[in-house]
Amino acid sequence: MSARAEPVGGRLMTLPFRILSMFAILGAVLIAWRMVVGLGPATGLSDSYPWGLWISFDVVTGTALGCGGYAVAILLYILNRGRYHALIRPAILTSALGYSLAAVAILIDVGRPWFIWRIPLGGFPDMGSYNWNSALLEVALCVMAYVAVLWIELSPAFFEKWQAEGRRKPRLAALSRRALPIVKKAMLWIVALGVLLPTMHQSSLGALMLLTGPKLHPLWNTPWLPLLFLISCVTMGYGVVVIESALSSRFFRRRAETSMLGSLYGAAALAIALLLALRFVDIAVSGKLGLLFAPRWVTLAFWAEVLLVAVPALLWLKPANRSDITVLFRGAMMILLAGALYRFDTYLVAFDPGVHASYFPTVPEILVTVGIIAFELLAYLWLVKRFPILSGAPARTAEA
Amino acid sequence: MALDRRTFFRGAAAAGAAAAVGTVPADARERREAPADARGMLYDTTRCIGCKACVVACKQANSLPADTRTEGMATWDAPTALNDRTKNIIQLYKGEGRRSYVKRQCMHCIDPACVGACMIGALRKREYGVVTWDKSRCIGCRYCQMVCPFNVPKFEWNDANPYIIKCEFCKDRPGDKKFVPACCEVCPRQAVIEGPYRELLAEAKRRLAEHPDRYVPHVYGEKELGGTQVLYLSHVPFEKLGFEYSHEEPVPELQQTVQHGIYRGFVAPAALYALLGAVMIRNRRRNAAAGAEEEES
């Protein structure tokens, strides 16, 4: 049965919503404070560690967690697996929120945000002052474009709702009536962009750290970094979708789609096999095998990344595990954690400025990150309850 | 997705084979050379007496505030390293019964990592090959700090309008002092001198040849990291002075080779976009046909 997407409905101001709101407001206050006092007092960043929690986690890991939209779009539109249709809207929503808030994190992190508008405007007024050699330029332009694409891809959910509310909001309804057919016609080319753009910027996020050259630990420093980041992003995309689907089933009391999730998980397992093979063979061929057992903290980080991703892949091999929602969920969590750790390690843990320095985020820095995540969850809850995003078995009165 | 153990392991084997065979594309980007009018500095540790006149002169010429933050030195302008108030510093190495001063500032690399990194062109190699920073472009992303192998660019962390602080070869000195480094002007022993890069390199080699017993037989900056326009002669090993890296590959070389290999002429992204569109059109037709068949039957 293929039920249409519908708003989940139900009360918005539940207890979790109120708690999340508190964290979001606190985060907003701290962001305003950081803008006034500068990055120094607000964060633990320094000349030795100029990139910390906000870049390594909010931006780099946050966008990877937003790869659900990318993963499902490939499955649904490229590989033509129609059975995943119900997953596309929630996945695109998660991605849209994840990427939008990663963009917010960048705005907070850069020291001179008043010049950021130069980037989408070709360096205006010094037109052409782009540096096309910079991987960061590619990431910036691509992410900006992708945020726009994601919200356009999601727009039918808004237009459908506004059209349905014709009488209460006539202007929005009229706009929706005109916009919806246009978006639907262009959707194929928009979706194609939605697959092209993340392919580009997720690999560029890997290329970005290649430029740090000798400061990046050899176990992470490889010319394959762009490809590894891309594959890792795909695994995380599938992980996000499995978790999101399982959680939504639980929260909104719908049936869990274990057979669909089990097969999704399989795609992730294949990607994991590729990832690990690529990493280890490259390490062996470059003569870095000795580093695998060096008595350093970074070695632990490396093995954590590997094991967290190898165990779920191996778990999947057993058929009984593929239809057990708990195993699938836990495996997906491990995949997400592994991917997040890989990015976090590449950008922070494996980065060695070569001087005696250390970095640890300050409390305000952490609270801003928590606030941003809280806001993301708030937006997700609101949109899912009020707009036709989720589909599947109809919910009873849901409380979440 | 029909997936089984066999596909799983086949995929892994394929990736392994790809990694073993794959190498960085053979047509790596060309090594850069210093521009024809390149100017630089030559610093000779055997002449430096650690008077720090250069540190004072740099502060004055660049209108930098005094750094009174050093513990126990609150009434002195006494920075201990390059920082947001210090574009030039003298540090001391003591060890194994030897000592040496070392002057640290921007190396004005021939193929700078920071220039390769800066997406908006705030850091560029300008006249004389000097690496300069443009406050009207910088967005403060600090990617330059991440990539500089010498950890040169410093950031004004405690400022709501933060600048990147680094030696710019005195590009802002007024009149005919423009691009005449103040540090070289005041040095009482001519431990640091400035001039045309190629002449300085020749002078460095001449000193090595004339007094081989005095120096480590190497000019640091001639080849390292693609070459730097600030050159060093030393009587102690360069690693002791804080020069960690001795490889010749310029920092941007690998990343740009990989990046350009993928994006050259934007062909690959355009081709991928066309392919994606074509696949989706085909899928749409197939689904429509399958839908029509279902209706008929």
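The conversation below takes up the two chains, their contact and some of their elements.

Mentor: Please note that this is a predicted model, in which local features need pLDDT of at least 70, side-chain atom pairs count only at pLDDT 80 or more, and totals for chains, interfaces and linings use all residues. Residues are numbered from 1 along each chain as its sequence is written, chains are lettered from A and ligands numbered from 1 in the order in which they are written, and side-chain values use heavy atoms, with hydrogens and water left out.

Trainee: What percentage of the residues in chain B is buried?

Mentor: Chain B has eight helices and nine strands; helices (H or I, at least four residues) and strands (E, at least two) are DSSP runs, numbered from the N terminus. Buried means under 20% relative accessible area, exposed over 50%, and partly exposed in between (1.4 Å probe, protein chains only). Of the 297 residues in chain B, the buried ones make up 51%.

Trainee: Which residue in strand 9 of chain B stands opposite B:Tyr43?

Mentor: Two strands pair if DSSP finds at least two bridges between them. Strand 1 (residues 39-44) and strand 9 of chain B pair in the parallel sense over four bridges. Strand 9 (residues 230-233) of chain B is covered on both faces, with B:Leu231 and B:Leu233 buried on one side and B:Val230 and B:Tyr232 buried on the other. The residue opposite B:Tyr43 is B:Tyr232.

Trainee: Which residue takes a positive phi in the hairpin of strand 2 and strand 3 of chain B?

Mentor: Strand 2 (residues 89-95) and strand 3 (residues 98-104) of chain B run antiparallel and are joined by seven bridges. B:Gly95 has B:Arg98 as its bridge partner in strand 3 of chain B. Two residues lie between the strands, and the one with a positive phi, near 50 degrees, is B:Glu96.

Trainee: Which residues are joined by salt bridges into one network with B:Glu203 and B:Arg207?

Mentor: A salt bridge is a side-chain nitrogen of Lys or Arg within 4 Å of a carboxyl oxygen of Asp or Glu; the side chains of B:Glu203 and B:Arg207 meet in one at 2.8 Å, N to O. These two are separated by about one helical turn, because they are four residues apart in helix 6 of chain B. Through shared partners, the network also takes in B:Asp44, B:Arg206 and B:Glu210.

Trainee: What area is buried between chain A and chain B?

Mentor: Chain A brings 84 residues to the contact and chain B brings 73 residues. Buried area is the accessible area (1.4 Å probe) that two parts lose on being put together, summed over both. Carbon and sulfur atoms give 65% of the area, which is about 6800 Å².

Trainee: Which residue of chain A meets B:Arg142 in a salt bridge?

Mentor: Across the interface of chain A and chain B the rule finds one salt bridge. B:Arg142 lies in the loop between strand 5 (131-133) and helix 4 (143-147) of chain B, and its partner in helix 5 of chain A, so the pair joins two chains. B:Arg142 counts as buried at 1% relative accessibility. Its partner, at 2.8 Å, N to O, is A:Asp109.

Trainee: Is A:Thr94 buried or exposed?

Mentor: A:Thr94 lies in helix 5 (residues 85-109) of chain A. Its contacts, not counting residues up to four places away in sequence, are A:Gly66, A:Val240, A:Glu244, A:Glu376 and A:Tyr380. Because its relative accessibility is 16%, A:Thr94 counts as buried.

Notes: Contact means heavy atoms within 4.5 Å.
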